[in-house]
Amino acid sequence: MEQERLHPEATGELSNLLYDLCLAAKIISRQVRRAGLTDILGGSGTLNVSGDLQQKLDMFANETVRNAVQHTGRVCITASEEDEGPVVCPREEQGKYVLLYDPLDGSTNIDVNVSIGTIFSIHRRVTGQQEGASELDCLQPGYRQVAAGYILYGSSTMLVYTTGQGVHGFTLDPTIGEFLLSHPDIRSPDVGKYYSVNESHWNKWAPGIQRVVGAFKNGDGGRVEAKNARYIGSLVADIHRNLMSGGVFLYPADAISPQGKLRLLYEAAPLAFVVEQAGGAATDGRRNILDIKPTALHQRTPLIIGSKQDVAFAQSVLTGQ
Ligand code: FBP
């Protein structure tokens, strides 16, 4: 509500939409915390549009987020990693916002009790009421986001979000069922102490990427000092650690995935908005992630994200500057 007052034109709809996402996060958090005790672990037997085996919890989280926003009159369309196409809200309940989300990122880690997360990105609708909401509303560049963030289901459940006025972290107090402001105005160090990448892909990388990762690992005798390695293999957990302690995460393109693995609309762009608002940066190796104009709902992008000077170093090596 305080942040809303920074926007004289605000109607409260965005605040309420963020609160709808908080409700979904509490329901998902409860399920994640009890996952080992209930029949919700393991695969659902179906594949998503990206060919990934959908976990039961993926499906649960996907429906929970959609149900939390679809009939509120605040959202006109949703798009999710787990849905092939966008889901248009009932005509008479279409609002002015667009919600893009990854309901449960890192889902391959669910069954082994490793931290996972929900990632969300909110845009303003671009289609008119007459023509009805469509995929056009979803295919907007990252710099047009009005809000973005993630919920981390780790040792505690945390919500971290931005509306363009800095980045703020809240911790869920399960005893009162409320997110409490535990990390106001998060700032990320310009130079990180960690580098995070799946080095098992080394031989599939282009020489430029090998040079960048090599420099983060061993230093490069001037521009970069050697860093410590940390890689969980759960995007939200890796990004959150680097946001708090300083670090650079890389999921580059490689011979198998020439566009990288991670999805632009509901993984890279929302995390780039958060990290940039905390003083960091995000690139696909050549340009700012937030400047990429999407052409497909589930398009992928190479991603280098984190402490500003480390990302700048990587981009300068990859562009030969
Ligand atoms: P999804 O679970 O949303 O498909 O996430 C993809 C992901 O698990 C990220 O969380 C993580 O950063 C990456 O893939 C790990 O990939 P890899 O196993 O190749 O290192």
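**View 1. The ligand sits in the second largest pocket of this predicted model.** A pocket here is an open set of points on a 1 Å grid over the protein atoms alone, with protein on both sides within 12 Å along at least five of seven lines. To sit in one, a molecule needs more than half of its atoms within 2 Å of the pocket's grid points. Since the model is predicted, local features need pLDDT of at least 70 and side-chain atom pairs count only at pLDDT 80 or more, while totals for chains, interfaces and linings use all residues. Residues are numbered from 1 along each chain as its sequence is written, and side-chain values use heavy atoms, with hydrogens and water left out.

**View 2. Who surrounds the ligand?** The shell has 17 residues, each with a heavy atom within 4 Å of the ligand. D105, N198, Y231, L235 and Y251 are the closest. By type, the shell splits into 4 nonpolar (Ala, Val, Leu, Ile, Met, Phe, Trp, Tyr, Cys, Pro), 7 charged (Asp, Glu, Lys, Arg) and 6 polar residues (the others, Gly among them).

View 3. D105 brings a polar side-chain atom to 2.6 Å from a ligand oxygen. K261 also uses a polar side-chain atom, at 2.9 Å from an oxygen of the ligand. On its own the ligand has 470 Å² of accessible area, and the protein covers 87% of that (Shrake-Rupley method, 1.4 Å probe).

**View 4. An open, mixed sheet of 8 strands that includes β5.** The order is β4-β3-β5-β6-β7-β8-β9-β10, where pairing takes at least two DSSP bridges. β4 (87–88) and β10 (178–183) each have a single partner strand, so one side of each lacks a neighbour in the sheet. β3 (residues 75–80) runs antiparallel to β4 over 2 bridges, and I77 stands opposite V88 of β4.

**View 5. An open, mixed sheet of 5 strands that includes β13.** Here the order is β12-β11-β13-β15-β14, with β12 (228–229) and β14 (281–283) at the edges, each pairing on one side only. β13 and β15 (residues 303–306) run antiparallel, joined by 4 bridges; F249 has I305 in β15 as its bridge partner.

How values were computed:
A polar contact is a pair of N or O atoms within 3.5 Å; within protein, one must be able to donate a hydrogen and the other to accept it, and residues adjacent in sequence count only if both atoms are side-chain atoms. On a 1 Å grid over the protein atoms alone, a cavity is a set of points where a 1.4 Å probe fits but cannot get out, and a pocket is an open set with protein on both sides within 12 Å along at least five of seven lines; lining residues have an atom within 4 Å of a point.
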